[in-house]
Amino acid sequence: MEDDVLIQRFLQGDEGAFRALYRRHTPRIRMIVLRLLGSRREDADDVVQEAWMAACRGLHRYRGDAQFSTWLASIGIRTARRRFDWRVESGELDDALIAPAVSAPSQLIDLERALARLSDGHRAVLVLHDVEGYTHEEISDLLGIAVGTSRSTLTRGRRVLRRLLTGETSHAR
Amino acid sequence: MHDDEYTTEERELFARLARESDNPAGEEDRLVRQLRAEGFLRSPWHVRARLGLAAAAALLCGLTIGWYAAGARSLERQLTRDDLTPVEAAALLERARGAYATARARYVAAAGLESPAQEPSSADAPESEPIRTAGVLWY
């Protein structure tokens, strides 16, 4: 069933329609939120819940200009952003928390760990641009920063990421 | 460093990153409960059906109790009691007197009698229920 149909049914109070929307879209939004939060993955469920509630409260304003998944992801990103600490460069790293849930090649695990080690700002821009494919204009809007800041943050973030990846790879070997 | 500075291997690595994460058990129900509490969701049909049945049963029960209670306090029922105290008997007499006066006035009006002082009798009355009732009261 199409998202639009499910949304209309949900707006009429249909629980089944909501559950269908939730199951369809939560895995992606949850992954984005998990990556944005880095080592604070324990907050992810609360952020996802908060994002869904915000989406439901504003759903009557959703006009279908963008895909529902894109609209929902933007709410998830803005919700996660409120938990960022823009001042801290890098938090403590808990390997158990940032290890991917599924078995993945060691290079992928290294990349996930390195992403989690980045500062909130670097990680947010890098994840949104390099993983999720957002443009700097979109990132500027989502994170409330200037387009130029997004560009420069990405450049610095990539530099730090490469350093972390190199360090982790040599450490693992 | 610029976008193009990722190596092919690094770009492939990014492309292979997981795009989805499994929903943890219980989160969906937690959200549904919250949505229901805030009025976004209707209760499931079986809950509504149970509530409807309970309301109907309560209404039926109330009507039955009310009907029995009204019957127990009716004048006809009170007149059949033989366990009245003197005070209750006096009250019943007063009540029956009032009922008789009302019934009599109705009879006068229904029979088209000119004088309300004229005593009704079964011979004057058309064969209908009110007269029988008045007769019982009078008796």
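This section describes the fold of chain A in a predicted model and the interface of chain A with chain B. Local features were required to have pLDDT of at least 70 and side-chain atom pairs pLDDT 80 or more, while totals for chains, interfaces and linings use all residues. Residues are numbered from 1 along each chain as its sequence is written, chains are lettered from A and ligands numbered from 1 in the order in which they are written, and side-chain values use heavy atoms, with hydrogens and water left out.

Chain A contains nine helices and zero strands, where helices (H or I, at least four residues) and strands (E, at least two) are DSSP runs numbered from the N terminus. Of its 173 residues, 51% are buried, the term denoting under 20% relative accessible area, against over 50% for exposed and partly exposed in between (1.4 Å probe, protein chains only). Chain A exposes about 8,200 Å², with carbon and sulfur atoms supplying 48% of this area; accessible areas come from the Shrake-Rupley method with a 1.4 Å probe, and for residues only the protein chains shown count as cover. Among contacts in chain A with a separation of 6 or more, 65% are between residues 24 or more positions apart, a contact being heavy atoms within 4.5 Å.

At the interface, 40 residues of chain A are in contact with 33 residues of chain B. The area buried between the two chains is about 3,700 Å², and carbon and sulfur atoms give 54% of it; buried area is the accessible area (1.4 Å probe) that two parts lose on being put together, summed over both. In chain A, the residues that lose the most area to chain B are A:Q49, A:R158 and A:R162, together 18% of what that side buries.

Seven salt bridges are found across the interface of chain A and chain B, each defined as a side-chain nitrogen of Lys or Arg within 4 Å of a carboxyl oxygen of Asp or Glu. A salt bridge joins the side chains of A:R162 and B:E10, at 2.4 Å from N to O. Elements giving two or more residues to the side of chain A that touches chain B are α2 (15–37), α3 (44–58), α6 (106–117), α7 (120–131) and α9 (147–172). Of these, α2(A) gives the most, with twelve residues.

Helix α2 of chain A includes A:R35, which counts as buried at 4% relative accessibility. The side chain of A:R35 makes a polar contact with that of A:E112 at 2.7 Å. Beyond neighbours within four places in sequence, the contacts of A:R35 include A:R123, A:V127, B:L17 and B:A18.

In helix α3 of chain A lies A:C56, which is buried with a relative accessible area of 3%. Leaving aside neighbours within four places in sequence, A:C56 is in contact with A:F10, A:F18, B:L35 and B:F40. The C-alpha atoms of A:C56 and A:I7 are 9.5 Å apart in space, with the two residues 49 apart in sequence.

Twelve of the twelve residues of α7(A) are buried, so this helix is largely enclosed by the rest of the structure. Helix α7(A) is followed by A:G133, which has a positive phi near 80°.

Notes
A polar contact is a pair of N or O atoms within 3.5 Å; within protein, one must be able to donate a hydrogen and the other to accept it, and residues adjacent in sequence count only if both atoms are side-chain atoms.
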